[in-house]
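Please read it alongside the sequence and the structure shown below.

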Amino acid sequence: MRNAVITGWGKCVPPAVLSNADLETVTETSDEWIVTRTGIRERRISHVETSDMAAVAGLRALATAGLEPDDIDLILVATCTPDRLIPSTAAIVQDKIGAGRAAAMDLNAACSGFIFGLVTARQMIGAGGFERVLLIGAEKLHYFLDFTDRSTSVLFGDGAGAVVLEGSDEDAGVRSFELGTDGSVADILCVPRSGTEGAPGPDRRMVVHMEGAEVFRRAVAAMGDASTRVIEEAGLELDDIDLLIPHQANIRIIEATARRLRLHPSKVFVNIASYGNTSAATIPIALTEAIDEGRITPGSNIVFAAFGGGLTWAAAVYRWGSRIEPLGSSDADLPPSDASGLELMQPNIDLYGMGVQ
Ligand code: UT7
């Protein structure tokens, strides 16, 4: 099968910061609890829609690949927080970036969405018919948070990351992968009534519900075990792995996964302190920052691992190609905004603080 290699990468995080100190003013929590229990210091809150962040990340990824929007055959947006149910966020992005030749569709595997998308793009390129795919992970999770519920509101943030995958004869790309789902325990991480279930009405509460400790336990086991299996399937030893880029949900999950893998902390990429959990966007944002920080070099063996709603889990071994330098840069950006994180989340406080059920 033809290889599919990442030739472009980019991220877009909105400017408004919501700090742990800000959260202390709206729910019973503390900076000390959040930092020690999760590793999160701040997160971004978006003043625009998911598709706006996705479009900017996508344009930046296209620029590093040296491509124009018209070069793209397929846009995949991994998201569980679409602008609308119809059309797909990918269709909105297609229009926003002017990629008129591309087919476009969304993919929802929650926090595992980027790796599910990576495998989907790789299979579609490998099977033929698609040559260049723009894969974006983008989320506006704050929309689905009750900021008075400390068990969920401190964890999540907004942002987007993107990669361009191209067909290639280079000895690079996805070496092995595992995608998994256990729908029987879906209710431990979900947004009830966010679709067609239940009676329609003006006061429908649509917020993230999570049984944190149970999700935590399953995340460590699934991410660690799936990573071990994909490394083995790729015919690699632990020493061959240059970098683990895990989904950023909780620093303790990341550290426990690394311990389970017996991987030295220096080989694990962590940026959760700055953004919290941005679901499908964590891995492409982290990948972009890892490249910017020189943590990836030509031929690097990278392990991606994730876990999320569904429940879903995913892991993949990816061998980097020969080019790490961007071919170009983009001046695409979000519209400016002076609103603070606290101001942007005020509508949620107004709604859910009133006890909307
Ligand atoms: O992307 C995938 C989806 N999400 C995840 O992977 C998240 C997985 N779960 C977690 O990261 C952790 O379970 C949490 C961070 C959500 C919670 O950490 P924990 O160590 O499992 O805490 P806990 O739920 O067992 O709660 C311990 C205590 C409780 O108080 P009591 O009952 O012992 O008095 C909670 O009420 O901490 C309390 N607590 C808080 N205190 C201050 C829970 N949230 C907070 C908070 N601030 N924000």
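How many bridges join strand 8 to strand 13, and do the two run parallel or antiparallel? Strand 8 and strand 13 (residues 312-319) are joined by 8 bridges and run antiparallel.

## Basis of the report

The model is predicted: local features need pLDDT of at least 70, side-chain atom pairs count only at pLDDT 80 or more, and totals for chains, interfaces and linings use all residues. Residues are numbered from 1 along each chain as its sequence is written, and side-chain values use heavy atoms, with hydrogens and water left out.

Strands here are DSSP runs of E with at least two residues, and helices are runs of H or I with at least four residues, numbered from the N terminus; two strands pair if DSSP finds at least two bridges between them.

Strand 1 runs antiparallel to strand 7 (residues 158-168), and 9 bridges join them; Ile6 stands opposite Leu165 in strand 7. Strand 1 (residues 3-12) is mostly covered, with 8 of its 10 residues buried (under 20% relative accessible area, with a 1.4 Å probe and protein chains only). Strand 4 (residues 74-78), in contrast, pairs with strand 5 in the parallel sense over 5 bridges, and Val77 has Asp106 as its bridge partner in strand 5.

## Pockets

A pocket is an open set of points on a 1 Å grid over the protein atoms alone, with protein on both sides within 12 Å along at least five of seven lines; lining residues have an atom within 4 Å of a point. Volume is the space filled by probe spheres set on the points. The largest pocket has a volume of about 930 Å³. Its lining comprises 36 residues, of which Cys80, Thr81, Asn108, Val191 and Ser194 are the closest to its centre. At least three lining residues come from each of domain 1 (3-170) and domain 2 (174-319), bounds that come from an automatic or database domain assignment.

The second largest pocket holds about 520 Å³ of space. Of its 28 lining residues, Ser151, Leu155, Met210, Gly212 and Asn250 are the closest to the centre. Helix 7 gives the most to this lining, with 6 residues. Both domain 1 and domain 2 give residues to the lining of the second largest pocket, so it lies between them.

## The cavity

A cavity is a set of grid points where a 1.4 Å probe fits but cannot get out. The whole structure has 1 cavity of 30 Å³ or more. The largest cavity contains about 40 Å³ of space, and its lining includes Gln248, Asn271 and Tyr275. Helix 10 (residues 282-292) gives the most to this lining, with 3 residues.

Key. Buried < 20%, exposed > 50% of the residue type's maximum accessible area, 1.4 Å probe, protein only.
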